[in-house]
Structure formats: C-alpha cells, structure tokens
Amino acid sequence: MLLVLVHSTDERLAARILRAIRHVEVAPGVAITWEPEERVDRALGAAKRELIERWESKGTGPLLEYAVLRLTDDQYNAVRHMVRRAVDARASALAGGLRRLAADMRRGRGRAQELKARFRRLASAVAELNEAAAKLDIYTSALDELREAYREANAEYLKLG
C-alpha cells in the first residue's frame, strides 16, 4: 500500500492527480492506493510537467507539494480505520444514490436514456469501490447495503429495456 499526500493551491490540480490513480481518499489530498509506485510516479510527473509549463508560459501558477510513502503492514493497519470510514461513507452515499435512482425508474421520472446513463455512472462507481474494498481488505455492512441497493437498481434498469 502507498500513502499519497498531495497539496496544491489549486484544488483541481490535486483532485486531477488523485483521479489518475485508483485510491481511497481518507482526507482531502490524502489517499491510500494499491497501484504500483511507478504508476503513481507517472501521474505525479505528468502533473508536475503541466505545472512547469503553466509557470513558464504565464510566469505564475499554483504550488504543488506531494509525498508518496510505502506503508508496511503495521503502518497500514494503523490507518485502516480511517480507510474503513472513508469506504463506509462512500458506500452509504452510493447506496442512497442507487435507491433514489431505482425509485425514479419505478416512477418513470426522467427519460429512459437519462436514467440508464445515471445507472451506468453509479454502476461504475460501485465497481471501483468494490475493487478498492477487495484490494484494501475491507468488508463492512455499508458495502453489503451498497450491493443490495445495486441489485435493486439493476433490476429496475433491466426493466427499462
């Protein structure tokens, strides 16, 4: 596991860096990832090159600071409760979104194409979170609720045809 710390005066830059790697964000700019260190380095290098180009062309730009720390098993276990809390919060939010979507599909609120697009976005987020939970060895009741909400929304999605 890697602990990635990213701070920038441009919040979009920090978010873009973290979007380039699969991770669980435990606090703003603080993420745990299971990606290989080389991939994390490439994402950070690309952001750094973009930032240098901005500074060279405009003469100014945001600041960027980052650190990547390889965690031992003991170190990961020490922060695991924070990761679990982040996974639980994301799972609960996704489950709520899926339940609202299932209700909208049952009531026929919105066009079928829009409902399908919403489902695909949420299904992708569910897959990412399930992968993260498996890689980080985290299993909670919130993930079970998420899976149940996904099954409910998927059943309604299949009815849309």
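How many helices and strands does the protein have? The protein has 5 helices and 4 strands. Helices here are DSSP runs of H or I with at least four residues, strands are runs of E with at least two, and both are numbered from the N terminus. What you're looking at is a predicted model, where local features need pLDDT of at least 70 and side-chain atom pairs count only at pLDDT 80 or more, while totals for chains, interfaces and linings use all residues. Residues are numbered from 1 along each chain as its sequence is written, and side-chain values use heavy atoms, with hydrogens and water left out.

## The overall picture

Starting at the N terminus, the elements run β-α-β-β-α-β-α-α-α. Along the principal axes, the C-alpha atoms fill a box of roughly 55 × 45 × 20 Å. The protein has 161 residues, and 38% of them count as buried. Buried means under 20% relative accessible area, exposed means over 50%, and partly exposed is in between, with a 1.4 Å probe and protein chains only. As for contacts (heavy atoms within 4.5 Å), take those with a separation of 6 or more: residues 24 or more positions apart account for 70% of them.

## The sheet

The 4 strands make an open sheet, ordered S2-S3-S1-S4, with antiparallel pairing. Two strands pair if DSSP finds at least two bridges between them. In general, strands of a sheet pair through backbone hydrogen bonds, either parallel or antiparallel.

Why is one side of S2 and of S4 left without a neighbour in the sheet? Strand S2 (24–27) and strand S4 (64–70) stand at the edges and each has a single partner strand, so one side of each has no neighbour there. On average, neighbouring strands of this sheet are turned by 25° against each other, direction ignored. Axes are lines fitted to C-alpha atoms, for helices over the stretch in contact, and angles run from 0 to 180 degrees between N-to-C directions.

Now for the pairings of S3. Strand S1 (residues 2–8) pairs with strand S3 (residues 30–33) in the antiparallel sense over 4 bridges. Across that pairing, Val4 stands opposite Ala31, and Leu2 has Thr33 as its bridge partner. S2 and S3 also pair in the antiparallel sense, over 3 bridges, with Val24 opposite Ile32. These two strands form a hairpin with 2 residues between them, and Gly29 in the turn has a positive phi of about 80°.

Helix H3 (residues 73–107) lies across S2, S3 and S4, and runs at about 95° to S2. H3 also packs against H4, at an angle of about 155° and with the axes 10 Å apart. That makes the two helices roughly antiparallel; the label applies over 145 degrees, with under 35 called roughly parallel, 65 to 115 roughly perpendicular and the rest oblique. On the H3 side, residues making the contact include Val87, Ala91, Leu94, Leu98 and Leu101. H4 contributes, among others, Leu115, Phe119, Leu122 and Leu129.

Rings of Phe, Tyr and Trp (its six-membered ring) pair if their centres lie within 6.5 Å; planes under 30 degrees apart count as stacked, over 60 as edge-to-face and the rest as tilted. By this rule there are 2 aromatic pairs.

| Pair | Centre to centre | Between planes | Type |
|---|---|---|---|
| Phe119 and Tyr150 | 5.7 Å | 25° | stacked |
| Phe119 and Tyr157 | 4.4 Å | 20° | stacked |

Phe119 lies in helix H4 (residues 112–135) and Tyr150 in helix H5 (residues 141–160), so their pair ties together parts that are 31 residues apart in sequence. Phe119, Tyr150 and Tyr157 form one aromatic cluster.

Is Phe119 buried or exposed? At 4% relative accessibility, Phe119 counts as buried. Tyr150 is partly exposed at 27%, and Tyr157 is also partly exposed, at 22%.

With 44% relative accessibility, Asp137 counts as partly exposed.
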